Amino acid sequence: MLLFLSAVEVQSGALDVVAKFGAKADEKTDLSKPLSDAWKEACASATTSSIVIPKGVYFLSQATLEGPCKAPIELQVQGTIKAPTDPKAFKEPKWIEFNKVENFKMSGGGVFDGQGTRAYKREGCDKKDFCSALPINIRFDYLTNAMIQDITTRDSKQFHVNILGCKNITLQKFSVRAPKDSPNTDGIHIGRSDGVNIIDSDIRTGDDCISIGDGTKHLDVKGVTCGPGHGISIGSLGKFENEEPVEGITASKCTLSDTTNGVRIKTWAGEYGGTVSDVHFEDITVKNVSCPVIVDQKYCPSNKCKMNAESNVKLSNISFKNIRGTAALPEVVKIICSGKFPCENVELADIDIKYSGPKGPGVSECKNVKPKITGKQNPPACAAPVPPNPTPTV
């Protein structure tokens, strides 16, 4: 995978944004033009190029780094890059965008600091009514063959990373940092992309650690630690017309601590159709997670849909295997499927999650599904009745 990287790593004569293009690590001089000029030169090169942002603290107003380029490019971010603090400084909901680039690597141990603390306190943002206009820290749009390694994103004003329309992109040893009460700050959001790998990464944020949107195919999440946050979530799906299928999703050897959800699939009550298939959660450790295993086809935040309607998204070939640890609430397993399209071929194997609290023993609830049950089941699989109004999830 990504054979071009070895050529990049031995590349000499890197383009230094400070030494060659006049960038200054003084936290006030805009990095935008030096970075853009370095990118243009690298992109036009017929041979592999490397751009270096040396150690130091830089200010960057906004950057869009576009291809197609003539040869592979590596961006070595060694310093810390800071965004404007005022959300009004952004005309579009993005800060740094990489667009239509093939054979790209970003590494170096650097930090992209969105300085989102002020945005979190923006009026109405706690209800997510205005958060969609806020900038995303890093956008990867329509990249092919990319490696993002040893990079941190901090305090984004909205999503930290958005991956759209990409093919064969890997994020490894990637870090996300934001307060647990920061709204709509998903760690990594993926949509309409094929062959995404998220490996050995640490995500701490105020929303989903990883959120998986429509059109995501062949996603492998392995060795990720998550918490605080809302867990690893497929969806929400079914809110919009003509959503593309989600298929081939695997999350394994992950640890979730103090999150509001563990591994989750969520689709809107009523609304539009879609499909989710071949999803496998395996070897997952949960520590004090509010709802560790959940399929919620009655997802309806802020009562913005018809709760009595059934989801039109069809789920099939889904497994939860070897999931163990502790729960913060008694609803340990909750699989609430659509009455219109009951879940098909669901498997629960070796679930051992303990709840010890004032609300009685842990329970496992199932509706509109007949799962295959194997191995240890603590709590007993699908043994508890589903309340008429299941507890909504965030």
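I count a residue as buried under 20% relative accessible area, as exposed over 50%, and as partly exposed in between (1.4 Å probe, protein chains only).

**Ground rules**

I am working from a predicted model, so local features need pLDDT of at least 70 and side-chain atom pairs count only at pLDDT 80 or more, while totals for chains, interfaces and linings use all residues. Residues are numbered from 1 along each chain as its sequence is written, and side-chain values use heavy atoms, with hydrogens and water left out.

**Confidence**

I checked pLDDT, the predictor's confidence in each residue, from 0 to 100. The chain averages 93, and 93% of the residues score at least 70. Residues 1-11 have a pLDDT below 50, yet this stretch has 21 contacts in the model beyond near neighbours in sequence. A contact here means heavy atoms within 4.5 Å. I remind myself that where pLDDT is low, the predicted coordinates should not be read in detail.

**Ser 233**

Is Ser 233 buried or exposed? I find Ser 233 buried, because its relative accessible area is 0%. It lies in strand S22, residues 232-237; helices (H or I, at least four residues) and strands (E, at least two) are DSSP runs, numbered from the N terminus.

I then looked up its polar contacts, meaning pairs of N or O atoms within 3.5 Å; within protein, one must be able to donate a hydrogen and the other to accept it, and residues adjacent in sequence count only if both atoms are side-chain atoms. The side chains of Ser 233 and Arg 264 are joined by a polar contact of 3.0 Å. Not counting residues up to four places away in sequence, Ser 233 touches Asp 208, Ile 210, Ser 211, Ile 212, Arg 264 and Lys 266.

**Aromatic rings**

For rings of Phe, Tyr and Trp (its six-membered ring), I call two a pair if their centres lie within 6.5 Å; planes under 30 degrees apart count as stacked, over 60 as edge-to-face and the rest as tilted. A search of the whole structure gives 7 aromatic pairs. Trp 268 and Tyr 299 make an edge-to-face pair, at 5.8 Å centre to centre with 90° between the planes. Trp 268 sits in strand S24 (residues 263-268) and Tyr 299 in strand S26 (residues 293-299), so the pair ties together parts that are 31 residues apart in sequence. I also note that Trp 268 and Tyr 299 are buried. Elsewhere I found Trp 39, Phe 98, Phe 104 and Phe 140 in one aromatic cluster.

**Cysteines**

How many disulfides are there? Taking a disulfide as a pair of cysteine sulfur atoms within 2.5 Å, I get 4 disulfides. I wrote up three of them, one by one, below.

Cys 43 and Cys 69 form a disulfide with sulfur atoms 2.0 Å apart. The torsion about their S-S bond is about -100°, so the disulfide is left-handed. This pair links distant parts of the chain, 26 residues apart: Cys 43 in helix H2 (residues 32-44) and Cys 69 in the loop between strand S4 (63-66) and strand S5 (73-77). Cys 43 counts as buried because its relative accessibility is 12%.

Cys 209 is joined to Cys 226, S to S 2.1 Å. Here the torsion about the S-S bond is about 80°, so the disulfide is right-handed. Cys 209 lies in the loop between strand S18 (202-204) and strand S19 (210-212), and Cys 226 in strand S21 (residues 225-226), so the pair ties together parts 17 residues apart in sequence. I find both Cys 209 and Cys 226 buried.

Cys 366 and Cys 382 form a disulfide with their sulfur atoms 1.9 Å apart, and with -60° about the S-S bond the link is left-handed. Cys 366 lies in strand S30 (residues 363-367) and Cys 382 in the segment after strand S31 (372-378), so the pair ties together parts 16 residues apart in sequence. Cys 366 counts as buried at 17%, whereas Cys 382 is partly exposed, with a relative accessible area of 25%.

Cys 166 is in no disulfide; the nearest cysteine sulfur, that of Cys 69, is 14 Å away. Cys 166 is buried, with a relative accessible area of 2%. Cys 254 is in no disulfide either, the nearest cysteine sulfur being that of Cys 226 at 8.6 Å. Cys 254 is buried at 1%.
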